Amino acid sequence: IAYMIQEKNISPWSILAITFTNKAANEMAQRVEGLLGTTANDMWIRTFHSACVRILRRDIDRIGYSRDFNIIDADDQKSLVKECLKELMFDEKEFPPRSVMGEISSAKDKLITPNEYAEMFETDYRKKQLARIYSLYQKKLENANDLDFDDLIMLTVRLFKENEDVLRYYRNKFRYILVDEYQDTNKAQN
């Protein structure tokens, strides 16, 4: 990053540096600030999720959400899944909440919506029931203007796909995208 800015005269605000953890992002930002001083303040050095939050806070209303959305944590997710199981009259022993959360998270990492999930597994009884849970879970999130951690990336991808002007804005803004440990990205992050 320092080389790009100092030697190649690349504008710091045209660089997006992405990593996986807050710790890594903070360390990267500190190192860049140590090399460049306050110039680092003009850059986005973030995790995938924090970059997506920033993008969504600006434009999520373009896909039907309010900009003042809440981000729920794992405990809230588990409570919501339990609420869905109860409403659908499913036994938690047959559908353990943590397992259901993992299945939903896996689907979102692959950018699979509840409807797509239901279509993919219409002949698999268990997965069909999981699709019902996923669908109700997502409706409850939307009704409360809540997002789970996986929604942050999935909805950013959706925002870009459905709004060419928003995508164009970020394509023009970030001419250089650097991804730490790129080989570890999943489909949604990619």
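User: Which residues does Lys140 touch, not counting residues up to four places away in sequence?

Analyst: Contact means heavy atoms within 4.5 Å. Here Lys140 touches Leu80, Glu83, Cys84 and Glu87. This is a predicted model: local features need pLDDT of at least 70, side-chain atom pairs count only at pLDDT 80 or more, and totals for chains, interfaces and linings use all residues. Residues are numbered from 1 along each chain as its sequence is written, and side-chain values use heavy atoms, leaving out hydrogens and water.

User: Where is Lys140 found, and is Lys140 buried or exposed?

Analyst: Buried means under 20% relative accessible area, exposed over 50%, partly exposed in between (1.4 Å probe, protein chains only). Lys140 counts as buried because its relative accessibility is 18%. Its place is helix 7 (residues 125-144). Helices (H or I, at least four residues) and strands (E, at least two) are DSSP runs, numbered from the N terminus.

User: Which residues of helix 9 are buried?

Analyst: In helix 9 (residues 164-173), they are Val166, Leu167 and Tyr170. Seen down the axis, they fall within an arc of 100 degrees, so they line one face of the helix. The arc is that of the directions from the helix axis to the C-beta atoms. These buried residues pack against strand 2 (44-47), helix 3 (48-59) and helix 8 (149-162).
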